[in-house]
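User: Please take me through this structure, and set each value against the rule that lies behind it.

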Amino acid sequence: MTDNNTAAVTPVRYAYLDQQFSDVDAYFDDLRQWVSTGEFTIGPYVEAFESKFAEYIGVKHAVGTNTGTGALILALRAAGIRPGDEVITVPNTFVATVGAIVAVGAKPVFVDCDDRYQIDVDHIPAAITSRTRGIVPVHWAGCPCDIERVMDIASEHQLKVVEDACPAVGAKVGGRCVGTFGHVNAFSMHPLKPLNVWGDGGIVVTNDDEIAAWLRLYRNHGLVDRDHVAFWGINERLQPVQAIVASRLLDSMETLISRRNENARQLDEGLRDLADYISPPERPEAYREVYQLYLVRATRRDELMAYLAAREIECRVHYPIPLHLQDAAKDFGYGIGSFPECEQQASEILTIPAHQHVTPQQLDYVLECVHAFYRK
Ligand SMILES: *Cc1c(COP(=O)(O)O)cnc(C)c1O
């Protein structure tokens with residue numbers, strides 16, 4: 001590639017938020033109309049978004065929250081997780097999965113991940129004790145975990161399942177959205193998730209009418225109406241501004257997911273001849289990913305990342321230190337060697353930009369640089 005062509009495709013950026021809302025006028029029109037109504041807490045805009053989201057996901061109830069972390073905490077409480085309970089999850093996730101379990105007073109119990117970077121379902125039975133009350137499987141990086149087998153194990157052992165679908169709005173297993181399998185499940189609309197708003201936002205979903213009624217009250221102080229408190233709750237409401245932004249973006253969600261899938265396919269295919277050095281995970285037919293992150297395992301990962309950075313390709317590592325090895329986890333009783341697969345992945349995993357604002361030409365350039373690195 002000549003320098004001129006290179007200039008046309010670089011930089012290949014990890015962050016894309018400044019490009020994400022280029023059609024901002026339509027959003028401002030929606031907001032202008034809303035401001036004049038004075039509906040600044042829950043109200044019709046939040047409720048309309050909740051119905052639209054529930055329909056998109058294919059679930060009976062969606063309840064908006066202030067954050068994805070808040071959605072997880074509410075989901076865990078609604079599922080009946082109490083102080084002292086053990087909850088099984090993975091050490092390779094965003095910190096909030098574990099933070100939410102600790103926030104409800106429960107004890108996280110980790111199991112290792114598989115070679116798709118998802119919870120290794122085969123390890124779950126051995127982690128179950130008499131105190132286990134729930135499982136929080138994560139659809140890590142927007143890729144479905146084997147949620148069907150998680151549900152089988154949970155029902156066999158009478159455990160509650162709270163899916164951490166925070167990064168995975170629109171990801172599917174056998175045509176069914178993740179976040180519809182567990183008892184009560186959480187999504188995030190943080191700026192770096194596929195469905196992203198202008199700040200923070202989250203959604204709890206469930207098919208259970210009673211749980212939904214509790215969630216609606218709990219996130220709004222337990223208030224039945226202005227003068228009556230049914231029980232002590234908190235303020236964890238989704239803001240109307242974010243509901244309005246999310247509602248419009250949801251209309252282009254399928255297009256956005258298709259673009260990410262096309263980009264992922266281009267990278268998968270372009271990397272195939274380098275399988276000895278760098279490889280994407282297996283992509284089972286029945287799973288639709290949304291590629292919140294496009295993850296691969298790479299030998300000489302840190303060197304490759306520096307080489308790409310020098311060529312204006314911005315990669316990231318999610319994450320270099322697994323959660324069981326963090327200072328915060330020192331009372332959990334784990335150490336180096338506790339989760340070998342996860343630890344190995346932490347030293348090899350690399351996130352390459354493949355979001356909807358990366359072009360096929362840019363990905364050709366990324367592939368050319370990766371080839372140059374391993375072939376030199
Ligand atoms: C983003 C994320 C969360 C937390 O969501 P916030 O909206 O940032 O609070 C939780 N779990 C996972 C797996 C995530 O990716």
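Analyst: **Pocket and salt bridges**

The largest pocket holds about 380 Å³ of space, a volume being the space filled by probe spheres set on grid points that are joined across faces, edges and corners. This is a predicted model, in which local features need pLDDT of at least 70 and side-chain atom pairs count only at pLDDT 80 or more, while totals for chains, interfaces and linings use all residues. Residues are numbered from 1 along each chain as its sequence is written, and side-chain values use heavy atoms, with hydrogens and water left out.

User: What makes Asp85 and Arg133 a salt bridge?

Analyst: The rule asks for a side-chain nitrogen of Lys or Arg within 4 Å of a carboxyl oxygen of Asp or Glu. The closest N and O atoms of Asp85 and Arg133 are 3.7 Å apart, so the pair meets the rule. Asp85 lies in the loop between H5 and E2 and Arg133 in strand E4 (residues 132-135), so the pair ties together parts that are 48 residues apart in sequence.

User: Why does Asp85 count as buried, and why does Arg133 count as partly exposed?

Analyst: Buried means under 20% relative accessible area, exposed over 50%, and partly exposed in between (1.4 Å probe, protein chains only). Asp85 has 10% relative accessibility and therefore counts as buried, whereas Arg133, at 36%, counts as partly exposed.

Definitions and conventions. On a 1 Å grid over the protein atoms alone, a cavity is a set of points where a 1.4 Å probe fits but cannot get out, and a pocket is an open set with protein on both sides within 12 Å along at least five of seven lines; lining residues have an atom within 4 Å of a point. Helices (H or I, at least four residues) and strands (E, at least two) are DSSP runs, numbered from the N terminus.
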